[in-house]
Amino acid sequence: MQPVKAKVEILDAKTREKLCFLDKVEPHATIAEIKNLFTKTHPQWYPARQSLRLDPKGKSLKDEDVLQKLPVGTTATLYFRDLGAQISWVTVFLTEYAGPLFIYLLFYFRVPFIYGHKYDFTSSRHTVVHLACICHSFHYIKRLLETLFVHRFSHGTMPLRNIFKNCTYYWGFAAWMAYYINHPLYTPPTYGAQQVKLALAIFVICQLGNFSIHMALRDLRPAGSKTRKIPYPTKNPFTWLFLLVSCPNYTYEVGSWIGFAIMTQCLPVALFSLVGFTQMTIWAKGKHRSYLKEFRDYPPLRMPIIPFLL
Amino acid sequence: MVIARRFGATQPVSQLWLVLAIAMVRFYMEKGTHKGLYKSIQKTLKFFQTFALLEIVHCLIGIVPTSVIVAGVQVSSRIFMVWLITHSIKPIQNEESVVLFLVAWTVTEITRYSFYTFSLLDHLPYFIKWARYNFFIILYPVGVAGELLTIYAALPYVKKTGMFSIRLPNKYNVSFDYYYFLLITMASYIPLFPQLYFHMLRQRRKVLHGEVIVEKDD
């Protein structure tokens, strides 16, 4: 016996205008497939910018949701909202990270028109300035490589305006800190080599930690899937921070920047660390809440970002 | 109970601004000049403006129906003008532009708080509503002009004295130039002022003419 084909009508969530009527839809079709069908009649709304929901003010349906499993009759009514122009996460990450890498080097090499002409293409006499350049560059190269080879993204895209906002933040702060660290009048840290060595140790440990967490999170999720599981410590000691914290990658990231701030003794770096910490705390709390909601057996000892505190 | 609490919060603030307005009028009537006006009212003004931080709390807890961000921007700019410009840069205290923004602020605040007070009492005379949504059309530009002209007048003194600035080299490898900061602040009025102004114009159309405005999506 042939399964009954479903009908889908798509209405605009704001105006309730009928935008599209699809008949002869397979009942086991996914939302992703319906989005593809909708794009055929409205090519300017590619699937990534479609939000389809059962209720005009409700939550978006997921691409994996199956039509016949939704609470609809033989004719499903879906409401459409345009999410605006979208850009892929990978593109945003690559752009926002390549900027600081390149910009910092402009200041490091004292390219003309930044400092006085007599300083063009000169080199700092302080070891810590060269070390800082290596650390900063390493940090962003690591991020670029992780974006290309390590991270597995839940979402494909984000709104286009985010790239302007994010790049302003990353590029702006990179230029601001690089200006002072590479300035001819830069003052090295008060406690000299001791301070630099300690700060470097913090930085390296936290970078290794951050990378370990990224690898552990990647291994939680098979390629191409969007599954979510509780992360647990592995044999790698850096991942043992999972015992105390939901988002140790953020913990290590803040640690790296605190290390860099101590190494350079530069107030703008400290401010950048503070702003980053604030944003990451917001993200960590959100992630922690999602974990708690999704998993009944979530380890109770864990805090979002700072062990025992935050 | 809620009404009484809200009333208690808005009433004192409108009194404060009335006191300030009366002090300014009396000074002018007695002295016939605006010179020395700032000096005579400055203690009162500083007290009120700092008090204005309460404004943000009012928005947070919902006594006043303005958004926290709008109130935040407003209060910050007032505190900036009072403490970081007029108080700190004595030579510009007798500029006419100072009177300009003081008058604009005073009239605006008296109108606004009378509006809130009468609304809470559920007995809002049409005139107050009319004033609240029409006075700003003149007062906003006048206030902005006063503020910008005052900052502009202050620039030469800031440059000469290097006040509020940090130069390199120093232990924390940072620098700050108050002169350029002021230039950037003046420039920031260009995007910010139209946004506030058009927001008030939209509110005016909605309230006075019952127009239904379709708000932009979040």
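These notebook entries record what I looked up in the predicted model.

**Conventions.** I number residues from 1 along each chain as its sequence is written, letter chains from A and number ligands from 1 in the order in which they are written. Because the model is predicted, local features need pLDDT of at least 70 and side-chain atom pairs count only at pLDDT 80 or more, while totals for chains, interfaces and linings use all residues; side-chain values use heavy atoms, with hydrogens and water left out.

**Chain A, overall.** I looked up the secondary structure and found seven helices and six strands in chain A (DSSP runs, H or I of at least four residues for helices and E of at least two for strands, numbered from the N terminus). Along the sequence I read the pattern β-β-α-β-β-β-α-α-β-α-α-α-α.

I then turned to dimensions. The C-alpha atoms of chain A fill a box of roughly 80 × 50 × 30 Å along the principal axes.

I noted that 44% of the 310 residues of chain A count as buried (under 20% relative accessible area; exposed is over 50% and partly exposed in between, with a 1.4 Å probe and protein chains only). Of the contacts in chain A with a separation of 6 or more, 73% join residues 24 or more positions apart (contact means heavy atoms within 4.5 Å).

**Nonpolar cores.** The largest core has 34 residues, among which B:Ile85, B:Ile151 and B:Leu182 touch the most other members (a core is a set of buried Ala, Val, Leu, Ile, Met, Phe, Trp, Tyr and Cys residues joined through side-chain atoms within 4.5 Å). Several helices of chain B each supply at least two residues of this core, including helix 1 (2–31) and helix 7 (178–209). A second, separate core of 33 residues includes A:Val129, A:Cys133, A:Ala178 and A:Ala261.

I checked B:Ile85 further. Leaving out residues up to four places away in sequence, B:Ile85 touches B:Phe80, B:Ile92, B:Thr150, B:Ile151, B:Tyr178 and B:Leu182.

**A:His183.** I located A:His183 in the loop between helix 4 (161–181) and helix 5 (192–220) of chain A. A:His183 counts as buried because its relative accessibility is 11%. Beyond residues up to four places away in sequence, A:His183 touches A:Arg110, A:Tyr115 and B:Leu168.

**B:Leu54.** I found B:Leu54 in helix 3 (residues 53–61) of chain B. With a relative accessible area of 36%, B:Leu54 is partly exposed. The C-alpha atoms of B:Leu54 and B:Phe136 are separated by 22 Å.
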